Amino acid sequence: MAKVVEISSRYLYEPESPMYDAEGYAMLLDQLILDPTNAGIPRETLEARHAQIMKNRVGRKAADFVFMDREGHRMTLREAVAGTEETIVMFYDPDCNVCEATERYLASSEKLNRLIGEGRLRIVAIDPFDTDTERWKAHADSLPRNWTVGRSPGGRIDSEEIYVIRATPAIYLLDSAMTVRIKDARDDEIARWAS
């Protein structure tokens with residue numbers, strides 16, 4: 001049983017896995033927490049993983065948070081989402097090459113730019129870490145002006161696990177009521193949005 005749990009963890013819980021499925025892994029955790037004797041993973045670890053997966057789940061309200069925008073104004077995610085049908089929230093690391101490639105891909109999408117122009121979509125790009133201010137500013141200035149770009153004061157989004165960011169970019173799709181429609185969007189989901 002311990003080997004099955006190990007393989008399931010590797011394939012379902014690791015964000016880089018092509019089979020990543022946190023919800024599927026949560027169902028396994030539900031059973032293991034009831035009887036952790038054969039899991040080979042301490043009960044505390046199982047419970048911590050389960051708690052992480054339960055945050056900001058599909059179909060639930062996304063957690064609100066405070067961020068500072070490019071101009072130094074304090075905003076909340078709720079304010080950023082207000083008045084639009086959908087919002088792509090991308091948590092990024094300024095030093096992440098995959099994040100940079102994703103940013104370029106989203107920025108070059110005619111479809112997304114049209115929806116932003118029509119007021120139907122917003123892209124909110126947030127650095128959730130305690131990144132050096134100058135490094136963050138340099139990166140933020142490289143992002144499209146029609147995006148809402150911000151940073152988490154003191155890295156609270158990450159350090160307080162308001163959102164559990166296990167790999168970057170971590171991308172969510174929210175509706176107008178801040179309900180999570182997609183969590184940890186895969187490349188194929190992002191491609192559908194952009195094309």
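Which residue stands opposite Met-68 in strand 5? It is Arg-151. That pair is a handy way into the sheet of this structure.

First, some ground rules. This is a predicted model, in which local features need pLDDT of at least 70 and side-chain atom pairs count only at pLDDT 80 or more, while totals for chains, interfaces and linings use all residues. Residues are numbered from 1 along each chain as its sequence is written, and side-chain values use heavy atoms, with hydrogens and water left out. Helices (H or I, at least four residues) and strands (E, at least two) are DSSP runs, numbered from the N terminus.

Seven strands make an open sheet with mixed pairing, in the order 2-1-5-4-3-6-7. Strand 2 (74-76) and strand 7 (180-182) are the edge strands, each pairing on one side only. From one strand to the next, the twist averages 35°. Pairing here requires that DSSP finds at least two bridges between two strands. Angles run from 0 to 180 degrees between N-to-C directions, and the axes are lines fitted to C-alpha atoms, for helices over the stretch in contact.

Here are some of the strand pairs:

| Strands | Sense | Bridges |
|---|---|---|
| strand 3 and strand 4 | parallel | 6 bridges |
| strand 3 and strand 6 | antiparallel | 6 bridges |
| strand 6 and strand 7 | antiparallel | 2 bridges |
| strand 1 and strand 2 | antiparallel | 3 bridges |
| strand 1 and strand 5 | antiparallel | 2 bridges |

Now for some residue-level partners. Glu-86 has Leu-121 of strand 4 as its bridge partner, and Phe-91 has Ala-170 of strand 6.

Two hairpins are worth a look. The one formed by strand 1 and strand 2 has 4 residues between the strands, and Gly-72 there takes a positive phi near 85°. The hairpin of strand 6 and strand 7 also has 4 residues between the strands, with Met-178 at a positive phi near 65°.

**Faces and cover**

"Buried" means under 20% relative accessible area, "exposed" over 50%, and "partly exposed" in between (1.4 Å probe, protein chains only). In a regular strand the side chains alternate between the two faces of the sheet. Strand 1 has Phe-67 and Asp-69 on a covered face, with Val-66 and Met-68 on an uncovered one. In strand 6 (residues 170-175), 6 of 6 residues are buried: Ala-170, Tyr-172 and Leu-174 point one way, and Ile-171, Leu-173 and Asp-175 the other.

**Cores**

A nonpolar core is a set of buried Ala, Val, Leu, Ile, Met, Phe, Trp, Tyr and Cys residues joined through side-chain atoms within 4.5 Å. The largest has 24 residues, and Ile-88, Leu-112, Trp-147, Val-149 and Trp-193 have the most contacts inside it. Elements giving two or more residues to this core include strand 3, helix 5 (97-107), helix 6 and helix 9 (187-194). Another core, of 20 residues, lies apart from it, and Phe-65, Phe-129, Ile-165 and Tyr-172 are among its members.

Contact means heavy atoms within 4.5 Å. Leaving aside neighbours within four places in sequence, Ile-88 is in contact with residues including Leu-112, Ile-123, Ile-171 and Trp-193.

**Helix 3**

How does the span of helix 3 work out? At 1.5 Å a residue, counting one less than the number of residues, the 12 residues of helix 3 (residues 43-54) should span 16 Å, and the end C-alpha atoms are 17 Å apart, which agrees. Leu-46, His-50, Gln-52 and Ile-53 are the buried residues of helix 3. They sit on the same side of helix 3 because they cover an arc of only 160° around the axis, taking the directions from the helix axis to the C-beta atoms.

Asn-56, in the loop between helix 3 and strand 1, has a positive phi of about 50° although it is not a glycine. Asn-56 is buried, with a relative accessible area of 8%. Glu-161 is partly exposed, at a relative accessible area of 33%.

Lastly, a cis peptide bond joins Thr-168 and Pro-169, with omega about 0°. Pro-169 lies in the loop between helix 8 (156-159) and strand 6.
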